[in-house]
Amino acid sequence: MLPQILLEAVNADTLIVTVNGNKLAATPIRRDQIAQTVTELVARLDSPTRVEVREMDGSIHADVLTPPAPRSPFAPAENTQNAAPVPSLLEFTGEGFIAGEDVAVALIIRHASADHTGTVRALLDRGEVPQIAGEVLLFGRISGTASVQSIT
């Protein structure tokens, strides 16, 4: 059975937080504190966790969040003193788009695999801070043209 974080709205701005049936001492919280609170609790529980938000109108929003992966002991040590300065602007170009179309620019923060029916489910943690590393996707909103490029 998964640990559970329950957030129950008491009014438009505040919620009461319960973890595995136990109210937190610091409740209620403001809506702008949800991401930080849930991120900290999931990390502390160190397990996939069911998060449920119950609104005053009776609607329920639920998902399962996973804690961040621990840093590998084989990963190189971070040495920020000798690190090269990161350029403030990165340029990406692509071809095959329609003149004047809107092209979405997206950081690829992770990949998900499709199941046997071709359906994929991707979960995003609102508290996660994307890193400018990995890949960028340029996607034409009209043409459907896609260009995936490495960030170097």
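## Pockets and surface of the model

The lining of the second largest pocket draws at least two residues from each of α1, β5 (49–54) and β6. The model described here is predicted. Sixteen residues line this second pocket (16 in the count), and those nearest its centre are Ile 34, Val 51, Val 53, Leu 65 and Arg 126. By class, its lining comprises nine nonpolar, three polar and four charged residues.

The largest pocket has 17 lining residues, with Pro 67, Pro 68, Ala 69, Arg 110 and Glu 128 lying nearest its centre.

| Pocket | Volume | Lining residues | Classes in the lining |
|---|---|---|---|
| Largest | about 450 Å³ | 17 residues | eleven nonpolar, three polar, three charged |

Attention now turns to the surface. Which residues form a nonpolar patch there? The patch consists of Leu 90, Leu 107, Ile 109, Leu 124 and Ile 132, which together have about 460 Å² of accessible area. One of these residues, Leu 124, is found in the loop between β7 (103–108) and β8 (134–140). Leu 124 counts as exposed because its relative accessibility is 62%, and the term exposed applies to values over 50%.

Note on methods: Residues are numbered from 1 along each chain as its sequence is written. This is a predicted model: local features need pLDDT of at least 70, side-chain atom pairs count only at pLDDT 80 or more; totals for chains, interfaces and linings use all residues. Side-chain values use heavy atoms; hydrogens and water are left out. Patches are made of residues with over 30% relative accessible area and no salt bridge: like charges are joined within 9 Å, nonpolar side chains (Val, Leu, Ile, Met, Phe, Trp, Tyr) within 5 Å. Accessible areas come from the Shrake-Rupley method with a 1.4 Å probe; for residues, only the protein chains shown count as cover. A salt bridge is a side-chain nitrogen of Lys or Arg within 4 Å of a carboxyl oxygen of Asp or Glu. Helices (H or I, at least four residues) and strands (E, at least two) are DSSP runs, numbered from the N terminus. Buried means under 20% relative accessible area, exposed over 50%, partly exposed in between (1.4 Å probe, protein chains only). On a 1 Å grid over the protein atoms alone, a cavity is a set of points where a 1.4 Å probe fits but cannot get out, and a pocket is an open set with protein on both sides within 12 Å along at least five of seven lines; lining residues have an atom within 4 Å of a point. Grid points are joined across faces, edges and corners, and a volume is the space filled by probe spheres set on the points. Ala, Val, Leu, Ile, Met, Phe, Trp, Tyr, Cys and Pro count as nonpolar, Asp, Glu, Lys and Arg as charged, and the others, Gly among them, as polar.
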